[in-house]
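Here is a short briefing for a first look. Please keep the sequence and the 3D view open while reading.

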Amino acid sequence: MENSPIYSPFFGVMGAASAIVFSSLGAAYGTAKSGTGIAAMSVMRPELIMKCIIPVVMAGIIAIYGLVVAVLIAGGLNEPPNYSLFKGFLHLGAGLAVGFSGLAAGFAIGIVGDAGVRGTAQQPRLFVGMILILIFAEVLGLYGLIVAIYLYSKN
């Protein structure tokens with residue numbers, strides 16, 4: 001009972017909440033910022049709309065990373081005798097890792113996506129460079145997912 005106080009599930013619940021909240025905030029920012037660039041670009045070059053929707057899709061994937069970790073953490077929650085404080089801290093760390101990295105990745109995807117689609121409308125050769133930079137921004141969220149799953153798997 002000493003290792004499983006009554007408040008230990010609180011940290012696990014906060015981990016699940018931070019995983020989905022912060023990664024969804026990053027995905028929402030990336031979607032909104034990239035969508036603004038697509039709307040501005042589509043006035044001049046409407047034929048590029050579907051080609052330049054890639055930043056929006058990549059921003060949405062960030063939210064999926066947070067959803068996966070939040071569901072894993074929520075599935076591992078138990079009543080206090082069966083849920084230690086150590087496990088609660090691990091789940092909080094996992095949620096914060098994927099949440100904050102998803103927030104940072106969403107910001108990066110939004111900024112690169114906005115400038116990239118506007119630039120692609122003026123110079124189509126910029127498209128490949130934009131995609132490469134978007135991949136590097138997406139990987140930031142993937143790093144958080146890897147750390148979160150590693151933390152979650154510790155017992």
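Is Gly102 buried or exposed? Gly102 is buried, because its relative accessible area is 3%; buried means under 20% relative accessible area, exposed over 50% and partly exposed in between, with a 1.4 Å probe and protein chains only.

This is a predicted model, in which local features need pLDDT of at least 70, side-chain atom pairs count only at pLDDT 80 or more, and totals for chains, interfaces and linings use all residues. Residues are numbered from 1 along each chain as its sequence is written, and side-chain values use heavy atoms, with hydrogens and water left out.

**Helix packing**

- Helix H1 spans residues 8-44 and helix H3 spans residues 85-122. Helices (H or I, at least four residues) and strands (E, at least two) are DSSP runs, numbered from the N terminus.
- H1 and H3 pack at an angle of about 5 degrees, and their axes are 7 Å apart. H1 is therefore roughly parallel to H3.
- The contact of H1 with H3 holds 22 nonpolar, 18 polar and 3 charged residues. Here Ala, Val, Leu, Ile, Met, Phe, Trp, Tyr, Cys and Pro count as nonpolar, Asp, Glu, Lys and Arg as charged, and the others, Gly among them, as polar.
- H3 also packs with helix H4 (residues 126-153), at about 175 degrees and with axes 8 Å apart. So H3 and H4 run roughly antiparallel to each other.
- In the contact of H3 with H4, 21 residues are nonpolar, 9 are polar and 1 is charged.
- Axes are lines fitted to C-alpha atoms, for helices over the stretch in contact, and angles run from 0 to 180 degrees between N-to-C directions. Under 35 degrees counts as roughly parallel, over 145 as roughly antiparallel, 65 to 115 as roughly perpendicular and the rest as oblique.

- Gly102 is found in helix H3. Not counting residues up to four places away in sequence, Gly102 touches Phe22, Ser23, Gly26 and Ile62; contact means heavy atoms within 4.5 Å.
- From Gly102 to Val117 is 15 residues in sequence and 21 Å in space, C-alpha to C-alpha.
- Ser101 counts as buried because its relative accessible area is 15%.
- The Ser101 side chain reaches the backbone oxygen of Ala97 at 2.9 Å. A polar atom of that side chain lies 3.3 Å from the backbone oxygen of Val98.
- Beyond its neighbours within four places in sequence, Ser101 is in contact with residues including Leu140, Gly141 and Gly144.
- His91 has its place in H3. His91 is buried because its relative accessibility is 1%.

**Annotated spans**

- An unreviewed UniProt entry lists residues 6-31, 52-77, 89-114 and 126-152 as "transmembrane region". UniProt positions use the numbering here, feature names are shortened, and annotations may be inferred rather than shown by experiment.
- Residues 89-114 are 100% helix and 0% strand, with end C-alpha atoms 37 Å apart.
- The UniProt annotation "domain: V-ATPase proteolipid subunit C-like" (unreviewed entry) covers residues 14-73 and 92-151.
- Residues 14-73 are 85% helix, and their end C-alpha atoms lie 10 Å apart.

Conventions:
Polar contact = N/O pair within 3.5 Å; in protein donor to acceptor, adjacent residues only side chain to side chain.
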